[in-house]
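Please read it with the model open.

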Amino acid sequence: MSLLTINKLTPSVGAEVLGVDPERLASDESLGAAVLDALESNGVLVFPDLHLDPEAQVAFSRRLGAVDHSADGHHPVAGIYPVTLDKSKNASAAYLRATFDWHIDGCTPTGDECPQRATVLSAVQVADRGGETEFANSYAAYEAFSDEEKERYAALRVVHSLEASQSRVNPDPSPEELARWRSRPTHEHPLVWTHRSGRKSLVLGASAHYVVGMDYDEGRALLAELLDRATQPDLVYSHSWSVGDTVIWDNNGVLHRAAPYDPDSQREMLRTTVLGDEPIQ
Ligand code: OGA
Ligand code: MN
């Protein structure tokens with residue numbers, strides 16, 4: 001019998017996990033592996049009304065793998081990063097406007113780090129309107145290709161940059177901003193990520209800047225078309241947050257974005273990031 005009670009939320013992505021509480025997450029040694037298994041099959045796991053406190057969130061995230069500490073200092077609890085547009089709660093809030101576009105976390109690392117394995121987000125304060133988090137299954141996006149497309153796109157390589165994602169939400173940067181974006185190295189990734197499991201997913205989203213060896217505009221148009229196909233409403237799970245919800249996503253197999261919300265909103269999510277060890281290849 002499975003350790004978790006799981007209800008699928010849409011046919012292609014997302015499932016709700018019922019019957020766990022913070023005590024069980026803290027004490028049940030076998031839950032880490034069960035959650036990772038469920039994440040691999042469902043892409044996104046929703047734990048409604050969990051009310052995990054920040055320390056417990058970090059402890060639970062550790063059951064899934066090593067926790068990222070590179071952004072420590074924005075929250076009193078090590079391992080926690082506040083996701084909010086409120087600059088008084090997070091000094092780097094301006095960068096987070098890029099969460100409004102579809103993306104995969106960690107496609108433009110500062111070094112050669114692999115993309116994060118999973119991201120855990122808990123709602124402390126929700127937006128009055130909007131602010132859902134939307135998820136699309138990037139394995140399903142690959143599977144939806146015809147055989148001919150699978151062949152055509154197998155060798156396609158894409159350069160990802162921080163400039164590409166930031167310029168969408170800040171199209172008129174100051175020279176200093178532009179220089180800061182450009183100081184982050186760009187990364188060339190295959191369009192199709194072949195995972196250790198043998199599964200294949202698409203690497204798309206706001207950081208995808210241009211297609212190697214293709215006319216710039218033609219490449220941009222292709223990236224936009226593929227992203228549009230991958231994120232059709234019938235392939236998306238949209239999570240409407242209530243305070244106390246925790247959501248985990250498999251960053252290897254889903255694209256995500258925040259639905260628009262008022263930039264002056266008090267919306268605040270606490271994030272922990274589980275480091276990955278699988279390069280995009
Ligand atoms: C993130 C992110 C989306 C949201 O934390 O990486 O993309 O809805 N968040 O806040
Ligand atoms: Mn993100």
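The points below concern a predicted model and take up a sheet, its helices and a cavity.

1. An open sheet of seven strands is present, with mixed pairing and the strand order 1-2-3-13-5-15-4. Strand 1 (5–8) and strand 4 (81–83) are at the edges; each has a single partner strand, so one side of each is left without a neighbour in the sheet. From one strand to the next, the twist averages 25°.

2. Within this sheet, strand 3 (residues 44–47) pairs with strand 13 (residues 246–250) in the antiparallel sense, over four bridges. Phe-47 is found opposite Thr-246 in strand 13.

3. Two helices that pack on the sheet deserve attention. Helix 2 (residues 31–42) touches strand 1, strand 2 (15–18), strand 3, strand 5 (118–125) and strand 13. The direction of helix 2 makes about 125° with that of strand 3. Helix 3 (residues 54–64) touches strand 5, strand 13 and strand 15, and its direction makes about 30° with that of strand 15.

4. The structure also holds one cavity of 30 Å³ or more. The volume of the largest cavity is about 120 Å³. Its lining consists of 13 residues, and those nearest its centre are Val-83, Thr-99, Leu-121, Trp-249 and His-256.

5. Which elements give two or more residues to the lining of the largest cavity? They are strand 14 (254–258) and strand 15 (268–274). Strand 14 provides the largest share, three residues.

Technical notes
Residues numbered from 1 in each chain as written. Chains lettered and ligands numbered in written order. Predicted model: local features only at pLDDT ≥ 70, side-chain atom pairs only at ≥ 80, totals over all residues. Heavy atoms only, no water. 1 Å grid on protein atoms, 1.4 Å probe; cavity = no way out; pocket = protein on both sides within 12 Å on 5 of 7 lines; lining within 4 Å. Points joined across faces, edges and corners; volume = space filled by probe spheres on them. Pairing = 2+ DSSP bridges. Axes fitted to C-alpha atoms, helices over the stretch in contact; angles between N-to-C directions. Contact = heavy atoms within 4.5 Å.
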